[in-house]
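Subject: Structure handover

Hello,

Here is the structure I promised to pass on. Please open it first, then read my notes below.

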Amino acid sequence: MLVVGPGPPEETFVRQLLEGLAARGTRVEVTASRHLAGAVPAACRAVPFVSPVYGHARQARNATAVAVADPPAVAAALRALPSATRARAALNRHVLGARTAGRVVYFPWVSAAVSFGPLVAPGTPTVVSCRGSQVLLSSELARGDGYGPALGRALRSAPLVHCVSDQLAGFVTDRFGVDAARIRVTRPAVDTARFRPVDTGRSQRVIGGVGRLTWVKGWSWALEALAVVRRSVPDARLVVLGEGEDRQPHEFTAR
């Protein structure tokens, strides 16, 4: 299996997935448009990627949108790009095309499928993961630059689409016209052998959350909601496990 992403598999759940597949006998290769040194699980093999296809992001995204819809138009789309970007795209197409023969290609992020899907050899079995914001938010926020339509084409062209919830699967079907028969829902799970509820003996109401401290996760809304809850449940607390670029504003909001 070749795992293709815009960056190394840094997220814990992606690394655990790759390590689990490797432990079960699957040969896992990881490639990305950013430096992989030290970021690939020991059980997997790093595959060099030439350089980012999207050196000029908007032009390249438009080119990939055309490529997904009309493969014969790839050459014409690449000609519209600056020469350096066109050369990298052609080279990456050769590299990925050669390495995807006989492999399953997995895009852990749907944005990677939009950017790099057209570089994969036609007929290659591919799996695309839909995890939330890249589908629910990006398709709305990026309407002006063609990302939404390109996202839909990438999802419809994938033989298998993985969603993390029934709600997301319904959105992918309703908004982008993806055949429900090609969608599999696998919800994020908690290993109950490692994580179990602890009886503290206190009656305090605690709400827990896990995730990066970034605006996409909606923690500011959670804090506002907590203020409402505490009007009737004064001892309610919100405990968030995570780090991120918005830690300081969230701490000030909490205070």
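Helix 1 covers residues 12–23, which makes 12 residues. Helices (H or I, at least four residues) and strands (E, at least two) are DSSP runs, numbered from the N terminus.

This is a predicted model: local features need pLDDT of at least 70, side-chain atom pairs count only at pLDDT 80 or more, and totals for chains, interfaces and linings use all residues. Residues are numbered from 1 along each chain as its sequence is written, and side-chain values use heavy atoms, with hydrogens and water left out.

Helix 1 and its surroundings

Val-14, Leu-18 and Ala-22 of helix 1 are buried. Buried means under 20% relative accessible area, exposed over 50%, and partly exposed in between (1.4 Å probe, protein chains only). Down the helix axis, the buried residues fall within an arc of 70°, so they line one face of helix 1. That arc is taken from the directions from the helix axis to the C-beta atoms. Thr-12 and Ala-23 are exposed on the other side. The cover over the buried residues includes strand 1 (2–5) and strand 2 (29–32). Just after helix 1, Gly-25 has a positive phi of about 100°.

Strand 1, helix 1 and strand 2 form a right-handed β-α-β unit. Right-handed means that, with the strands pointing away from the viewer, the path from the first strand over the helix to the second runs clockwise.

Seven strands make an open sheet, with parallel pairing, in the order 3-2-1-4-5-6-7. Two strands pair if DSSP finds at least two bridges between them. Strand 3 and strand 7 (183–185) are at the edges with a single partner strand each, so one side of each has no neighbour in the sheet.

Strand 1 runs parallel to strand 2, and four bridges join them. Gly-5 has Ala-32 as its bridge partner in strand 2. Strand 1 also pairs with strand 4 (residues 105–107), in the parallel sense, over two bridges. There, Val-3 is partnered by Tyr-106. Leu-2 and Val-4 point one way from strand 1, Val-3 and Gly-5 point the other way, and all are buried. Further along, four bridges join the parallel strands 5 and 6. Val-127 stands opposite Leu-160 in strand 6.

The cores

A nonpolar core is a set of buried Ala, Val, Leu, Ile, Met, Phe, Trp, Tyr and Cys residues joined through side-chain atoms within 4.5 Å. Which members of the largest one, with its 30 residues, touch the most other members? They are Phe-107, Cys-130, Leu-155, Val-161, Cys-163 and Val-172. Elements giving two or more residues to this core include strand 1, strand 4, helix 5 and strand 5 (126–130). A second, separate core of 13 residues includes Met-1, Val-3, Val-14 and Ala-32.

Two single residues

Ser-111 lies in helix 5 (residues 110–116). Ser-111 is buried, with a relative accessible area of 18%. Not counting residues up to four places away in sequence, Ser-111 touches Pro-6, Gln-134 and Tyr-147 (contact means heavy atoms within 4.5 Å).

Val-47 sits in the loop between strand 3 (45–46) and helix 2 (57–69). Val-47 is buried too, at 3% relative accessible area. Val-47 and Glu-29 are 18 residues apart in sequence and 6.3 Å apart in space, C-alpha to C-alpha.

Best wishes

Note on methods. Expected span 1.5 Å × (residues − 1).
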